[in-house]
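Good morning, everyone, and thank you for making time for this.

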Amino acid sequence: MKVQMRQWSMLSMTAIIALTLSACGSGNTSSTPAASSPAATKAPAATASQPVKLRIVWWGSQARHDATLKALDAYTKKNPNVTFEPEFSGFDGYADKLATQAAAKNAPDIIQMDPAWLAEYAGRNQLAELSKGIRTEDIDKSLVDSGKFKDKLYAIPLGNNATGMIYNKNAVDKLGITPPKNSWTWDEYFQFGKDAKAKLEKDKYVLMDATSDYTTYSSYQISQGKGYPITVDGKFNFDKDTYLTFVKKYTELRTAGVVPPAEIATTDKESDAKLDLMNNDTVLMKRTFAALFPGYEGVKPSAYSLVSQPKGPQSSGFLKPSMFWSVSADSKYAEESKKFIDWFVNDSEAADLLTTTRGVPVSKKMLEYLTPKLTPADKLQIELIKTVAPDAQPFNAGAKGWSNYTAKDFKNIGEKIMFGKITPEAAYEELVKKAKDYQ
């Protein structure tokens, strides 16, 4: 397949996600040969007909890109009338590009969709309904329901996922300090940063500056028992004292060199082989999701490990679908798009090619089929999910209408603090003022 790669710069439901961890366990003990497993049965190929070219878009690491392109090639070999026009890159800028295309009724046929945006797109009638044509009986009901809006299915989950922290275990071992551990507290997390910094070179840092990271701040606030900063029903719920404590702590860490200075921290591009501050050895640890781990592993095999997020009086971690496939409401090839998604999720050939590049497979049959073949890095994803699951916070996919606030306004205001252009107190007042535009 001739691949046309359009370079993008890429960005950043209310269901509570409960992952089917029992499937992981059964898969680990399965002794059924792959050849005789029901999972090894291929989905029927589409009947050859008129040529169809499907535009398909996704974000991710190079490992995800490579695996997906191989899957597209495999599907075309099975269905010679179907070819693809792939568009892919990292996460930065993705949401803006997709929103522009959708508004112009020029969105790709098949769209990798984030849970935080689903309500926005479905609410604007920009997605096709997927209740028929894609097999979901082997997917946990809570995961299937996470792709619904007003009781209609608009998105098919592609992976089980959990929040966590990634760290460079090789570097930590060389420093001779105690490595991070599951169920650690925020105080232990910040102290780890200080202890590691004492042994690092001047131009190296330990933690990411989370002053402008809404996901990390959300985790911090819910761990303090204050709920999500923006509630599921779209109410402003930033706790002032909690927010000020958080940003002032990172100001202290910035001064001490535990986190990078603003001019370096703001260059981070998640999952980029060169610009991600983990991949270029600028920091030792950062917030991540289990589904992103294969991308880091692909850049530096066996260098990294995963640990749960720090906790306060309550846990800070949550479970979520890693991402979805959706189909544009304007697609001329909705049925062919659904056939492809069905194959992508339910076929063992696809599972072999994709492994865990979008998180732990959602199909119980595919997970059981793949488990004997999983690498130690793959299994780390499953272990993180198992660790987070027992006291996971309810998943808040993001209230309809607030995506710009959480992805852009919070980031911009946080960066003003980082560059010393605004005080924490003034930043909070600006957050309050900006929120009035969304209430």
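This is a predicted model: local features need pLDDT of at least 70, side-chain atom pairs count only at pLDDT 80 or more; totals for chains, interfaces and linings use all residues.

D151 has a positive phi of about 70 degrees, although D151 is not a glycine, and because its relative accessibility is 72%, D151 counts as exposed.

There is another residue of this kind, D281, which is also not a glycine and has a positive phi near 65 degrees. You will find D281 in the loop between α10 (262-265) and β8, and, with a relative accessibility of 35%, D281 counts as partly exposed.

Now let us step back to the whole chain. The protein chain has 17 helices and eleven strands, and of its 439 residues, 56% are buried. Its accessible surface comes to about 18300 Å², and 50% of that surface belongs to carbon and sulfur atoms.

Next, the sheet. Five strands form an open sheet in the order β2-β1-β3-β11-β6, and the pairing in this sheet is mixed. The strands at the edges are β2 (82-89) and β6 (156-157), each of which pairs on one side only.

Strand β3 (residues 110-113) pairs with strand β1 (residues 52-59) in the parallel sense, over two bridges, and here I56 stands opposite I110 in β3. With β11, by contrast, β3 pairs in the antiparallel sense, over four bridges, and there I110 stands opposite V327 in β11. As for the side chains of β3, I110 and Q112 point one way while I111 and M113 point the other way, and all of them are buried.

Which helices lie across these strands? Helix α2 (residues 62-78) lies across β1, β2 and β3, and runs at about 170 degrees to β2. Helix α12 (residues 334-346) lies across β1, β2, β3, β6 and β11 (324-327), running at about 165 degrees to β11.

Let us turn to a pair of helices. Two packed helices are described by the angle between their axes and the distance between those axes. For helix α7 (residues 186-197) and helix α9 (residues 240-255), the axes come within 11 Å and cross at roughly 10 degrees. Since angles under 35 degrees count as roughly parallel, α7 and α9 are therefore roughly parallel to each other. Where they meet, Y189, F190 and K194 in α7 are in contact with K249, Y250, E252 and L253 in α9, and by class this contact has four nonpolar, no polar and three charged residues.

Finally, is helix α8 (residues 214-223) largely enclosed or open? Nine of its ten residues are buried, so α8 is largely enclosed by the rest of the structure. Among the buried residues of α8 are Y214, Y217, Y220 and I222.

Methods. Residues are numbered from 1 along each chain as its sequence is written. Side-chain values use heavy atoms; hydrogens and water are left out. Axes are lines fitted to C-alpha atoms, for helices over the stretch in contact, and angles run from 0 to 180 degrees between N-to-C directions. Angles under 35 degrees count as roughly parallel, over 145 as roughly antiparallel, 65 to 115 as roughly perpendicular and the rest as oblique. Contact means heavy atoms within 4.5 Å. Ala, Val, Leu, Ile, Met, Phe, Trp, Tyr, Cys and Pro count as nonpolar, Asp, Glu, Lys and Arg as charged, and the others, Gly among them, as polar. Two strands pair if DSSP finds at least two bridges between them. Buried means under 20% relative accessible area, exposed over 50%, partly exposed in between (1.4 Å probe, protein chains only). Accessible areas come from the Shrake-Rupley method with a 1.4 Å probe; for residues, only the protein chains shown count as cover.
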